[in-house]
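Subject: Structure handover

Hello,

Here is the structure I promised to send over. My notes follow below it.

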Amino acid sequence: MYRYDEFDQEFVDQRTAQFADQVRRRLAGELSEDEFKPLRLMNGLYLQLHAYMLRVAIPYGTLNGRQMRKLAHIARTYDRGYGHFTTRQNIQFNWPRLEDTPRILQELAEVEMHAIQTSGNCIRNVTADHFAGAAADEIADPRPYAEILRQWSSIHPEFTFLPRKFKIAITGAPHDRAAVQVHDIGLQLARNDAGEIGFVVFVGGGLGRTPMIGRKVRDFLPEEDLLAYSEAILRVYNRYGRRDNKYKARIKILVHETGLEELKADIEAEFDKIRHGVLRLPEEEVHRIEAYFAPPTLEVLAVTDAAVEARKASDAAFAQFVAHNLNPHRVPGHVSVTISMKPIGGIPGDASDAQMDVIADLAERYGHDEIRISHEQNVILPHVAIRDLPALFDVLVEHKMAEGNAGLITDIIACPGMDYCALATARSIPVAQEISERFGNAERQAEVGELKIKISGCINACGHHHVGHIGILGLEKKGEEFYQITLGGSANEESSIGKIVGRGFSSETVVDAIETLVDTYLGLRTSKEETFLDAYRRIGEEPFKEALYGIG
Amino acid sequence: MKVITGNRLLDGEVVWLGENGSWVELLSQARVLEGSDELAAALEVARQSLADRVMVDVYEIDVTVEDGRVVPVRLREIIRAAGPTVLPHLGKQARTATA
C-alpha cells in the first residue's frame, strides 16, 4: 500500500502542529469560535450532540495492521473504547476532548494518518471499491488513481473554499461496489480497444435532500487526462456553483440548473486550456504510484479445501459465513473476506478497541497486512487463502465478528442518527437493531437473499437511504419520530433513486412495515434467484403499497 | 419553563446552567427559568460564559416537570441529557443509574 514520502510526512506533521497551535489560540482566547470552527472542521473535528466528534480519514478505505492498532489505541486512550466506520470509509470517534485532539492527530501522523479534509467545503476523502486490487472482475486497481487524486486534492489552493463539499469515488470493476454514480465525480475504470486504461466519468450524482444519479460526461477519459479533467470540472463548479443557498450548492444542482450539454461544454472548454499543462499525468508517475499498490505475492492454491468443506458440512454458521462473506479473488485459492460489523441486534459499523486489535492481528496473520473499510460499514481482508478460513472464522466467532450476513437484510447501513448527531431528526440505530433482530435468524435471512436496507436519521442522507433497495428516512413529526420508506433504490452500475411508497410509519410500526414488504416480496418472487430489487423492478410498487396500506 | 444548555469548550461535555451562574453536568441540577426576565438574565450569564471560553454554543430549551423531575420537551434534548439510547452504559445515564 501507499507509504508517505518525505513531502507527505512533512505536510501532515506541519498540519498537525498548525492545528495544535490553533487549539492553543482558541483556548487562550485569541480565536473566537466563529474563527475556530472552520479550522477545526477542516481537521475533522465536529461538535455533536454529546461531545466533540473526530472523523479520521482512511484514504480509499485502505489501511494496515499497524494503523488499525493505532485506531484501537486512540479509542482506548482518548475515547470510550470504540469507533464507528462510516459510509465514506472513514472512522469516527464520538467522545474526544478538544484539548486532547492535537495529541490524537500527532499519534495518527506517526502511522501516516490524519483527519484533514474529512469535513468542510473541500474535496473529501476519495473512496474506492473495497475489493480493489483483489477482485476477480477488476480491470485494474483503482487505488493508484485514488492516491493520485488524494495528492492533487490535498490543500489544493483553488479548491479549499468550494461552494460546498465535494466527493469523488472510483471503481476498477464493471460491477460497481463504490456507488460512483451517487458522487459528485464518479470514475469507472475502462479499457479501450487499444487496451489502454481510461475512465468513464460521471458528474453530479449525490444523495442528501435532492438525490440525483450522476450524468455521464465522458465515455472514455484517457488516463493521462485524469487530473486535468478533474481540475476542469472543479473549476467550472467553483466558478458557477451556487453560494447563495447551501442546499443548492452541490454540483448536482449546477448540472441540473445549467443543463448537461452546456455544463459539459464549459468543462471541455476549461479542459482544453489546461490539458497539455502541468496536470498531464506522466506514465512514469502512474507506474511509480502503482508500485506502492503492488499486490502481495500469492501462491496459486486449490480452489477447494477438504478441511473447509468438512467444516461447512458440520457447522451451519461457518457455511453461512462462506456462502455470504467471501468475494472471488483474482488468484485461485484465495478470497476477499468481509468481516461483518453488523452483529445481530448490534450497532452498524461500530467496532470496539479490542475488535480493532483483533482485526489487525488477523490481517497480519492471514491477510498480508491489508485491511479495507467498505462504504457499507464492514471490514474487509482482501487477500485470504481459502485454507485459512476455518482458523480465521474461529477468531471472529470469539470476538463476535463472525456473522455470515454480508449483503443480506441484516447487513444494514445506518447513520449515527439522533443518538449522536446534532443534525438528526430521528434515531437510525434502534431501527437497524430491531430489523436485525426481527430477521436475524440465519435461515430466514438466507431465504430472503440479497436485500440492502439503508437508514438515515435526517434528510442529509448519510445512511444512503435513497439508494437502499428498501430505504428508511427518519423525520420528526409533531415531536415524534416518524419514518418514511422508499423502495427500489440501488447504488451499483444500475443506480436508481428509491421512490417513497406512501405515508410514513411511527417508530413502533416501521419494522412491521418492513416485514410486510419482505413478506410481500417472498410471495411474489418468481424464484429464489429473483432478488427483492429485481422483483420490485419487474412488478412495480403497487403490490407493496397495497400490502402496506390496503386497496384505495 | 426553560433551561439553558450548551457544551463545555474544553471537553464538549453537555451541561446546563445551574444556580449562581455555574454550569452543571446533570439536568436535575439545572436552574428552571420562568418568565422572560429570568430567561433574559440567564442568557446574559450564558453569553458571558461563551466570552470567557468556558462554553461553546449555548441555547435555551423547553422543559416540563414530570413527577418532580425536569424533562426536556424535545426528544433530541432528552437524548442529550441521557446519552445514546443504544449504549446505556455511556453518557450521563450511566452516572445517574449509579448515583
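Residues 119–273 of chain A are 31% helix and 18% strand, with the end C-alpha atoms 31 Å apart. Please keep in mind that this is a predicted model.

That span has an annotation. UniProt lists residues 119–273 and 410–547 of chain A for "domain: Nitrite/sulphite reductase 4Fe-4S", in an unreviewed entry. Over residues 410–547 the chain is 33% helix and 19% strand. The end C-alpha atoms there are 22 Å apart.

Next, the cores. The largest nonpolar core has 58 residues. A:M68, A:L71, A:F85 and A:L392 have the most contacts inside it. Helix α12 of chain A (residues 353–366) gives the most to this core: seven residues. At least three residues come from each of domain 1 (6–110) and domain 3 (306–398) of chain A. A second, separate core has 52 residues, including A:I123, A:A146, A:V203 and A:Y237.

A:F85 deserves a look on screen. Leaving out residues up to four places away in sequence, A:F85 touches A:I58, A:M68, A:N90, A:I91, A:M341, A:G349, A:A351, A:I373, A:Q377 and A:V379.

Last, helix α11 of chain A, residues 316–324. Its buried residues are A:F318, A:Q320, A:F321 and A:V322. They pack against α10 (306–314), β11 (326–328), β12 (334–339), α13 (389–398) and α15 (442–448) of chain A. At the start of α11(A), a side-chain oxygen of A:D315 comes to within 3.0 Å of the backbone nitrogen of A:A317.

Best wishes

How values were computed
Residues numbered from 1 in each chain as written. Chains lettered and ligands numbered in written order. Predicted model: local features only at pLDDT ≥ 70, side-chain atom pairs only at ≥ 80, totals over all residues. Heavy atoms only, no water. Buried < 20%, exposed > 50% of the residue type's maximum accessible area, 1.4 Å probe, protein only. Helix = DSSP H or I, 4+ residues; strand = E, 2+ residues; numbered from the N terminus. Contact = heavy atoms within 4.5 Å. Polar contact = N/O pair within 3.5 Å; in protein donor to acceptor, adjacent residues only side chain to side chain. Core = buried A, V, L, I, M, F, W, Y, C linked by side-chain atoms within 4.5 Å. Domains from an automatic or database assignment. UniProt positions renumbered as here; feature names shortened; annotations may be inferred.
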